[in-house]
Amino acid sequence: MHTWDEGTELFAHSVIGYAIERLRLPKDPRWGSQPAAELEQRYAHAITPSGAGALEAMRLVREVMMPACRPMDDAMNLAYVPTAPTIAATMFDLVVSASSIFGGNWEAGAGAIAAENQVLRWLADLAGLPEESGGVFVSGGSAANLSALVAARQRHLDRFGRRGRLAFAATTEVHASVRATARVMDVDVVTVAVDDRDRMTGAALSAALDAAAAGGEVDVFAVAASAGTTNTGAVDALDEIADVCASRDLWLHVDGAYGLAALCSPDGRRRLAGIEHADSFGVDPHKWLFAPYDCAALIYRDPSIAARTHSQHGDYLDAVNRADWNPSDYAYHLSRRARGLPLWFSLATYGTDAYAAAMDHTLGTARSFADAVEAHPDFDLLLEPELSIVLFRRRGWEPDQYHAWSRTRAKEGSALVVPTKFHGETVMRICIVHPNTQIADVVALLDDMASS
Ligand SMILES: Cc1ncc(COP(=O)(O)O)c(C=O)c1O
């Protein structure tokens, strides 16, 4: 298993060859989930005392495993938040795996960590955070939200002690992971109403905080704002929220798992005004910054608070030099894959201008699609898109019609477009993150829906 011989060489080349094939050849968009019992039965002979062997394992991968997984990077996958990793990023992910890098502390992974930090610096500079800001790559937006809000609570407790039932403020539109964070932390959520564009405003935040204070012993330590909600792509009024946070001594965390990717282009950055005031933010390069799963950048204005909160200690960790930049100190984790490296390699390969161009292209496709919706007599545009999510109504359709159309097109493999709810009404939603998504193909979906 650990010895390299001629057979291993052939095997290694065939596995890499398959990876290249996965990247190069179009995947079948009809691929997707299959019944658990069927998959269990087809894998039954794989893990046995003698194993199934390399050839059979690869056959199972080709014929069983991959056809049962949706191609998330298909250019016509416009549901939820898909993904669009670059070729360089994906290929380098294989190198990261082959290198057994321990990305938890500097002593073990300095070369990798310095490169990851270069990417984090790029993001922090785009956001306008100070030079001393920094952070770490974690597995996803959920992990970023949890680690940031735990650090926020720590700063609050350090400053004021426990004054009541702890809480953070967030809107009804915040991602489910933010509410899950409150459950994990056993803190309350002060719910802030959104405006007609689904955004948190400074006035609504102040009103919610005042109402919570008047209602009893709630001790609010942070605001969890959104820069690109998952449902509509709404960006909260970060400037106004930052003012409220400053006047009330609250930590401003911005969940930008989806939307903060737009920082990489000047046009995108303009849509994110106020992000420079964040005490922490998270952005998932595996969503819209062209990196493979799983990769989220978590950045703190003052990383020393995060280190105070998250660093782990034990006799077996005494040898770790605490003066170094140890990524394990900046989130709830210890061992970690250097998951920021595929993005670093891709940025180094193509340059940041290519990222800005790809971002502008996806923003432009979403804008053109919104214009086509507005111009079409059978559709209503429900919100001006702030980023690359567009919500629209097919006039006269009932919820069942949206769902039936969505299921049929997914089965055929022509497009994955899934309905959502907007202010209680079932509507259609698309999310564009792939630079290869062709506007003509997306606009054709309108005619298809109109004639269905
Ligand atoms: C705005 C937002 N926050 C957080 C998350 C959770 O991110 P992850 O799935 O990477 O944990 C998502 C996922 O879609 C998201 O859109």
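Strand 10 and strand 11 form a hairpin with 2 residues between them, strands being DSSP runs of E with at least two residues, numbered from the N terminus. In the turn, His-423 has a positive phi of about 50 degrees. The model is predicted: local features need pLDDT of at least 70, side-chain atom pairs count only at pLDDT 80 or more, and totals for chains, interfaces and linings use all residues. Residues are numbered from 1 along each chain as its sequence is written.

Strand 10 (residues 418–422) runs antiparallel to strand 11, with 5 bridges joining them; pairing requires at least two DSSP bridges between two strands. Here Val-418 has Arg-429 as its bridge partner. Strand 11 (residues 425–431) is also joined to strand 9 (residues 389–394), again antiparallel, by 4 bridges, and Ile-389 is partnered with Cys-431.

Turning to the ligand, 13 residues surround it, the closest being Gly-140, Gly-141, Ser-142, His-175 and Ala-257; a residue counts as near if its C-beta atom, placed from the backbone, lies within 6 Å. This shell comprises 7 polar, 4 nonpolar and 2 charged residues, where Ala, Val, Leu, Ile, Met, Phe, Trp, Tyr, Cys and Pro are nonpolar, Asp, Glu, Lys and Arg are charged, and the others, Gly among them, are polar.

As for the whole protein chain, its C-alpha atoms fill a box of roughly 70 × 70 × 45 Å along the principal axes. Of its 452 residues, 44% are buried, that is, with 20 or more other C-beta atoms (placed from the backbone) within 10 Å of their own.

Terms used: A residue is buried if 20 or more other C-beta atoms lie within 10 Å of its own, exposed if 12 or fewer, and partly exposed in between; C-beta atoms are placed from the backbone.
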